Amino acid sequence: MIGIIDIGLCNLRSISKAIDACGFDFQLITSPDQFDLVTHCILPGVGSFKVGFERLVLSKLDIAISNFIASKRPLLGVCLGMQLLADNGDEGGGSKGLGLIGGSVRRLEPGNKMRVPHVGWNSIEFQYRHPITEGLKQARDFYFVHSFHIMGCKPESILGKTEYGTQFVSATARSNVLGVQFHPEKSQANGLKLLENFCLWDGRC
Amino acid sequence: MGWSVLKKRIIPVQLLLGERLTKTIQFNSHRDVGDPIKSSKIYNDQCADELIFLNINRQKQGIQPLLEILEAVSEECFMPLAVGGGISEFEMARQLIQNGADKVVVNSVSYSDIKTVSRICENLGSQAVIAAVDVRYENGAWSLWSDCGRVKELVTLNDHLNCLSGAGVGEIMINSIDRDGTMSGYDIPLLAYVVSRVSVPVIGCGGAGTYEHMRDAFMNTGVDALACGSIFNFGDNNPLRAKAYLSNHGIPFKVV
């Protein structure tokens, strides 16, 4: 059973249907006691970092997520969900984050007159092999929509990089905690493959 | 290194009329072109970059048909979805986004109530808003039309583009009513003019009949995306083959 954490900030239909399409059951999670039911957890999210973190704290999901990770089960943060794994973020007035992968979340400054938000299909250079990238070829495109990105996480945690005026971290991996800046649920076959890999992963590298 | 360009996009446009899809010629003479869910699934398999659904049913206004489409299509399509047709209030846009749309397409409301467009952009983000602009060429000038090409607006194209930019829309979809359904090629001067006037991505629409038309529009106008209707409905053409052809001309697309 795949848990999808619902902090009320985004539509969960796309990610739920994608998990469905991969052939797995899902359960929406709105309170800490529901984590016992699931083997894997996805933290999706669209919206502002500060509001997102406040929602987690308010529903005591921040502590529950830390406990979930301590139990060695796999967790995948998507977009804002990935950013919330960092130590802190600037967006919406600044806030601390879950502190699970290190790093800070800052506004994209791509230069070269590239526009922010970064919206559209862009490719990922995976830095090393990982169970979640199994069967995915290099430089395949995924769908991005974001204005902020994660900086300063440990080099060994950087699983994927993407070029957009500047190079930014588009995927992170630290033991059983994964994060992707793009939207696998909107990235057709490659995205579904990545989600399927996650649902099959035992959390070990 | 350190610099990259977003890939160009090919976006099938699907016009909803009741339970079915239709295709128009110059916004008239509807022809049935199939079932929206099945057609969307095929476009998903053919790696279209996004889908746009426009409800052109003037009898049944409101967003209910779009909500129903989103419910069904999100089971088949794992790609960005844009929906529009009859969005006149902020609340409609919010509901559509909350129910699985990635973007909303606004048109008539941008003439009658630009503040609503601003509010949608501010609250849901610019990336979630496409402004569609329907244009006819008459007496040596471009004129703008709302309500599915029925109501002539008095504002000039240039002024309207400024107004949309000021409201914060994330993309402009420029549609030539004269070329709609004619499969005679995009209106290159129109597309090039709009690209030169705005800083947001431009989606060109109206007139694609061959891959050469698409090549000409991509290479001669600077559009970020091309919307396609008839070319995929009436002929042995699809997004995969379009990209194969266009890639040979050096136009970058997403790699799948």
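Residues are numbered from 1 along each chain as its sequence is written, while chains are lettered from A and ligands numbered from 1 in the order in which they are written. In this predicted model local features need pLDDT of at least 70, side-chain atom pairs count only at pLDDT 80 or more, and totals for chains, interfaces and linings use all residues, with side-chain values taken from heavy atoms and with hydrogens and water left out.

**View 1. The interface between chain A and chain B.** In this view 31 residues of chain A are in contact with 34 residues of chain B, where contact means heavy atoms within 4.5 Å. The size of an interface is often given as the accessible area lost when the parts come together. Here the area buried between the chains is about 2700 Å², and carbon and sulfur atoms give 51% of that area; buried area is the accessible area (1.4 Å probe) that two parts lose on being put together, summed over both. On the side of chain A, the residues that lose the most area to chain B are A:Arg13, A:Trp121 and A:Gln188, which together account for 27% of what that side buries.

View 2. Side chains of opposite charge can pair when their charged atoms come close. Between chain A and chain B the count is five salt bridges, each being a side-chain nitrogen of Lys or Arg within 4 Å of a carboxyl oxygen of Asp or Glu. A salt bridge joins the side chains of A:Lys17 and B:Glu71, at 3.7 Å from N to O. Among the elements that give two or more residues to the side of chain A that touches chain B are helix H1 (13-21) and helix H5 (188-200) of chain A, helices and strands being DSSP runs (H or I, at least four residues, for helices; E, at least two, for strands) numbered from the N terminus. The largest share of that side, six residues, comes from strand E8 of chain A.

**View 3. A salt bridge inside one helix of chain A.** A:Glu54 and A:Lys50 form a salt bridge in which the closest N and O atoms are 3.3 Å apart. Both residues lie in helix H2 (residues 49-58) of chain A, four residues apart, which is about one turn of the helix.

**View 4. Strand E7 of chain A and its partners.** Strand E5 (residues 88-89) of chain A runs parallel to strand E7 (residues 102-107) of chain A, and two bridges join them; two strands pair if DSSP finds at least two bridges between them. A:Gly89 has A:Val105 of E7(A) as its bridge partner. Strand E7(A) also pairs with strand E11 (residues 148-153) of chain A, in the antiparallel sense and over five bridges, and the bridge partner of A:Arg107 in E11(A) is A:Phe148.

**View 5. B:Leu124 and its surroundings.** B:Leu124 is found in helix H5 (residues 114-124) of chain B. Not counting residues up to four places away in sequence, B:Leu124 touches B:Phe90, B:Ala93, B:Arg94 and B:Ile97.
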